[in-house]
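These are my notebook entries on one structure. I set down what I looked up, topic by topic.

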Amino acid sequence: MSALTDLIYAGSNAVAGLTEGAVNDAIAKNGAETPVAFPDTAYFFPTIYAATGVKVKTLGDLPACVGVLKSLITNQDDIGQALNAGLATAVGAEIIEGLKYVGGANPYENESGIGFVPDPVIRSLGVPLVTGDIPGVAVVIGKADDPAVVAKVVKDYQSKGIVSFLIGDCIEQCVEQGVKMGLELRVVPLGHDVTSVIHVVTVAVRAALIFGNLEPGNLAGLIDYTKNRVPAFVNTFGPLNEVVVSAGAGAIALGFPVVVDQPIGDLQVPGALEAVTDYDLTVKRSLELRNIKIKAAAVKVPVAFAAAFEGEIIRKGDMQVEMSSHASPTCELVTMRDIDKVEDHKITVIGPDFDQVELGAELPLATYVEVAGSKMQKDFEPVIERKIHAWFNYLEGVMHTGQRNLIRIRISKAAFESGLRLKDMAEVLYAMIMDEFGSVVDKCQVTLVTDKEKVEKILAEEAMPAYNARDERLESMSDESVDTFYTCILCQSFSPSHCCVVTPERLGLCGAVSWLDAKATNELNPTGPCQPIKKIGCTDERTGAYTEVNKVVGEATHGAVEQVTLYSLIEDPMTSCGCFECICGIMPEANGVIICNREYAGMTPSGMSFGELASMTGGGVQTPGFMGHGRHFIASKKFISAEGGIERIVWMPKELKDDVAPRLNKTAKELFGIDNFTDMICDDTIATDTEGVMAFLEEKGHPALGMDPIM
Ligand code: SF4
Ligand code: ZN
């Protein structure tokens, strides 16, 4: 037997023994009827569910799974068989980790790792993964001889936008070396036991179930999905033992290459298991193995600049200077000019810079960007302007919230001490605009103003009129007022048969792509993910059915979706990928629909959580009665208008209801003459059970109760 297969089998057999013992102990202690589940998932023990179709619900379901696990370990001298034994190790790890959750308490409460990753988090990763904003996923396991080495590798991934999941002592090593952690910072500590690696494996596995419409039990389909669509790889640090090797074999079976930092000579399998002992090459080789290309941002500034810093919070005590509309006039404006009025790459700062004011100072700020280009359109101004938020946030030590005339920017003391000044922030805007919008922007000049009077003048004379004009344009824009809709197929890299149809009154279900965004995307990249659909061939105005929509969606989904309507939840509804902000589903008792947003962790009147509701749809298939959609769509006049529209909404989580209330109430008044419609909509602070919801709706005289039957 080869040394490698030997090691793998030794590890798999050890894990099998441990798993069997742990299951028997747990049953002896708690009884076979005791429920067992990971928190906030609709996919049971995800690896077991995806690979075999078995839904583990109680401890008594586990011995059969141990049987399957053991059957995967043939001990035959064949690398394919040995990789299967690696999958057995994954199953064993899943069971051992699952047992930690028996009794409902969070076993990771007092750990530095987070353990199981809930479904909503995976859904939230959909868009950044498809846009390449997150170019890959690194699994970092073990303990480095020198903590600085692993920290450097992880920081390098962070600066490239790659999400790292850490397992083992490398967590403390990174903390000690000052690596900032958290999902928003793209460094996620999972746990110390080697078995906690399963928590990243189940992320990949659930991606296949959520986005890929994988049929549970289709092991070959699962492996095909993870291999081709999940850009993950593994780096191990420190000496290898057989359990790590067999877990690595599981990773390789799923298509994730493993790079180890030890000389392993003959054990290497080119392309799958490689030794890289020069740490300067670890990242490079790992990315090559997975064919991950990093788009280098062409920005030269004194602090790090990466998407990974987008979620960074700067507290008051760490702040050098602040620019906030609460205290001073502020605005951000991108405006289009004639080509001869713009001097390319002209950067101007007017007023005091950060080093000319005292610590803790409040500054006014106008971020004033002028662009010109033969293909530039007025409609693209807000599309570019909205990105200022992200670009400023990419700067390490800069926190940006809000937009237009309502913003807050904090500059940290550390960033200031590194030398960050207003000029650098202007350079960031210039570089990113030319990088991302270069096909429509030929020239760009950036002016940052901190002189109060001058900011007030720009705000009053240019910014406010521009915002008002845009709002009027958006307000007047309806599906009737345009002659073109757009497809968006960005999510096809995870959901191969999914296609959003984006119209002025219906944005993409991720909430990130409005009709203007889709139009700009098409202009920037004519062969890209957003293709125009001529608004012709209407066959049913009520449902929003068009022969042309069907034709273009049919082509975009390679025939998977033949008929789709724009405004119906029941008749050929739009497909869902998995990254939807909200899901709506029919509540038959109330003759209406409930809507639940991704952030809501509680129960809904359907008896299902968001995660469970969400698992009813997705994967690019049409599921009449359930539909993913963007938050903004809720107040649209077109929201399930085929079924009667917004009057059908009977329940939402309070946070969502409050958020959409101003616009939803306005639409309700306009369409149906109802005042304060949201007062009639039940929420989680009132009731989450059918009787409670029904009693509330009856008391309020909710219109859905008197409408035609929804089904
Ligand atoms: Fe994905 Fe649709 Fe959003 Fe495009 S609009 S990124 S396809 S969810
Ligand atoms: Zn999506």
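**Entry 1: the shell around ligand 1**

I first listed the residues that surround ligand 1: C488, L490, C491, H498, C500, G508, L509, C510, V513, C577 and C579. I note that the model is a predicted one. I then sorted the shell of ligand 1 by class and found nine nonpolar residues, two polar residues and no charged residues.

I next looked up an open sheet of three strands, whose order is 16-15-17 and whose pairing is antiparallel. Which strands stand at the edges? They are strand 16 (500–502) and strand 17 (532–534), and each of them pairs on one side only. I recorded an average twist of 35 degrees from one strand to the next.

I then followed one pair in detail. Strand 15 (residues 484–488) pairs with strand 17 in the antiparallel sense, over three bridges. In this pair, I found K534 of strand 17 opposite T484.

Helix 17 (residues 515–524) lies across strand 15, strand 16 and strand 17, and it runs at about 80 degrees to strand 15. Helix 18 (residues 547–556) also lies across strand 15, strand 16 and strand 17, and I noted an angle of about 150 degrees to strand 17.

I looked up another open sheet, in which five strands follow the order 22-20-21-23-24 with mixed pairing. Its edge strands are strand 22 (626–629) and strand 24 (682–683), each with pairing on one side only. How many bridges join strand 20 and strand 21? Strand 20 (residues 582–587) and strand 21 (residues 592–597) pair over six bridges, in the antiparallel sense. I found that I583 has C596 in strand 21 as its bridge partner. Helix 20 (residues 654–672) lies across strand 20, strand 21, strand 23 (649–652) and strand 24, at about 135 degrees to strand 23.

**Entry 2: helix 1 and its partners**

I turned to helix 1 (residues 3–30) and helix 4 (residues 79–100), whose axes come within 8 Å and cross at roughly 30 degrees. Because of this angle, helix 1 is roughly parallel to helix 4. I recorded the crossing of helix 1 and helix 4 as left-handed. Among the contact residues are L4, I8, V15 and L18 of helix 1, and A82, A85, G86 and I96 of helix 4. By class, this contact of helix 1 with helix 4 holds 15 nonpolar residues, seven polar residues and no charged residues.

The axes of helix 1 and helix 3 (residues 62–71) come within 10 Å and cross at roughly 170 degrees. Helix 1 and helix 3 are therefore roughly antiparallel. Here A16, T19, E20, V23 and I27 of helix 1 meet L62, P63, V66, L69 and K70 of helix 3. The contact of helix 1 with helix 3 has seven nonpolar, one polar and two charged residues.

**Entry 3: helix 6 and helix 11**

Lastly, I looked up helix 6 (residues 147–159) and helix 11 (residues 282–289), with axes that come within 10 Å and cross at roughly 50 degrees. Helix 6 and helix 11 are therefore oblique to each other. V153, D156 and Y157 of helix 6 meet T282, V283, S286 and L287 of helix 11. I counted four nonpolar, two polar and one charged residues in the contact of helix 6 with helix 11.

Methods:
Residues numbered from 1 in each chain as written. Chains lettered and ligands numbered in written order. Predicted model: local features only at pLDDT ≥ 70, side-chain atom pairs only at ≥ 80, totals over all residues. Heavy atoms only, no water. Axes fitted to C-alpha atoms, helices over the stretch in contact; angles between N-to-C directions. Helix = DSSP H or I, 4+ residues; strand = E, 2+ residues; numbered from the N terminus. Parallel < 35°, antiparallel > 145°, perpendicular 65-115°, else oblique. Left-handed = near helix turned anticlockwise from the far one by under 90°. Contact = heavy atoms within 4.5 Å. Nonpolar A, V, L, I, M, F, W, Y, C, P; charged D, E, K, R; others polar. Pairing = 2+ DSSP bridges. Near = heavy atom within 4 Å.
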